[in-house]
Amino acid sequence: MAKKSRSKGASRAAFRLSSPDIRPNGPIAMEQVYNGFGCSGRNISPALKWSGAPAEAKSFALLVHDPDAPTGGAGWWHWLVVNIPAGASELRKDAGRADGSNLPTGAAQIATDFGSPGWGGPCPPVGDRPHRYHFTLYALKVDRLDASGGTASLAGYMINGNAIARARLTGKFGRKK
């Protein structure tokens with residue numbers, strides 16, 4: 001049986017997530033850090049851009065999670081955005097306003113572990129080693145998810161069940177004693 005070969009032009013670029021505000025595995029600036037719980041950042045969500053998304057993506061979802069938070073294993077959800085339109089290729093800086101006014105039309109936010117929707121920046125305990133903040137963008141096979149009123153875990157379950165691809169960017173932040 002002969003293998004079909006692809007022409008060089010037929011290969012698809014890798015699905016990538018990047019930010020002008022956070023370099024891969026680099027530090028997260030005070031502009032993005034939470035303002036509360038002993039932290040004094042500006043709590044402005046970073047700009048995010050993506051490329052190489054699958055052509056069959058019907059929408060996107062973004063999950064921002066700190067797996068290092070001392071919560072008994074659950075980590076901490078910092079930002080959840082669903083129903084990002086398929087034609088979008090970025091979230092502008094400060095898109096994470098609680099009222100959703102800077103999100104692309106149709107996109108919605110789910111309550112974070114801070115108890116409300118919108119960007120909740122890093123604020124790890126003083127003296128912990130720097131925590132990792134995973135920004136994971138999912139390309140979805142559905143136009144929209146109805147996760148309104150649900151928890152971060154329910155949204156994550158629905159997102160993962162409909163994902164066809166994902167791209168990740170990780171930033172780090174710690175507070176010294």
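What pattern does the chain follow, read along the sequence? The pattern is β-β-β-β-β-β-β-β-β-α-β, from one helix and 10 strands. Helices (H or I, at least four residues) and strands (E, at least two) are DSSP runs, numbered from the N terminus. This is a predicted model: local features need pLDDT of at least 70, side-chain atom pairs count only at pLDDT 80 or more, and totals for chains, interfaces and linings use all residues. Residues are numbered from 1 along each chain as its sequence is written, and side-chain values use heavy atoms, with hydrogens and water left out.

**Overall dimensions**
- The C-alpha trace spans about 65 × 30 × 30 Å along its principal axes.
- Of the 177 residues, 46% count as buried (under 20% relative accessible area; exposed is over 50%, partly exposed in between; 1.4 Å probe, protein chains only).
- Among contacts (heavy atoms within 4.5 Å) between residues at least 6 apart in sequence, 71% join residues at least 24 apart.

**Helix H1**
- Helix H1 covers residues 152-162, and its buried residues are Ala152, Ala155, Gly156, Ile159 and Asn162.
- Seen down the axis of H1, these buried residues fall within an arc of 140°, so they line one face of the helix. The arc is that of the directions from the helix axis to the C-beta atoms.
- Ser153, Tyr157 and Gly161 are exposed on the face turned away from the buried side of H1.
- The cover over the buried residues of H1 includes strands S5 (59-66), S6 (76-85), S9 (131-140) and S10 (163-173).

**Open sheet**
- Three strands form an open, antiparallel sheet in the order S1-S4-S7. Strands pair if DSSP finds at least two bridges between them.
- S1 (16-18) and S7 (90-91) are the edge strands, each pairing on one side only.
- S1 pairs with S4 (residues 48-51) over three bridges. Serine 18 stands opposite lysine 49 in S4.

**Aromatic pairs**
- The structure holds eight aromatic pairs. Rings of Phe, Tyr and Trp (its six-membered ring) pair if their centres lie within 6.5 Å; planes under 30 degrees apart count as stacked, over 60 as edge-to-face and the rest as tilted.
- Phenylalanine 37 and phenylalanine 114 have ring centres 5.5 Å apart and planes at 55°, so the pair is tilted. These two residues are 77 residues apart.
- Tryptophan 76 and phenylalanine 114 pair edge-to-face, 5.3 Å centre to centre with 70° between the planes.
- Ring pairs link Tyr34, Phe37, Trp76 and Phe114 into a cluster.
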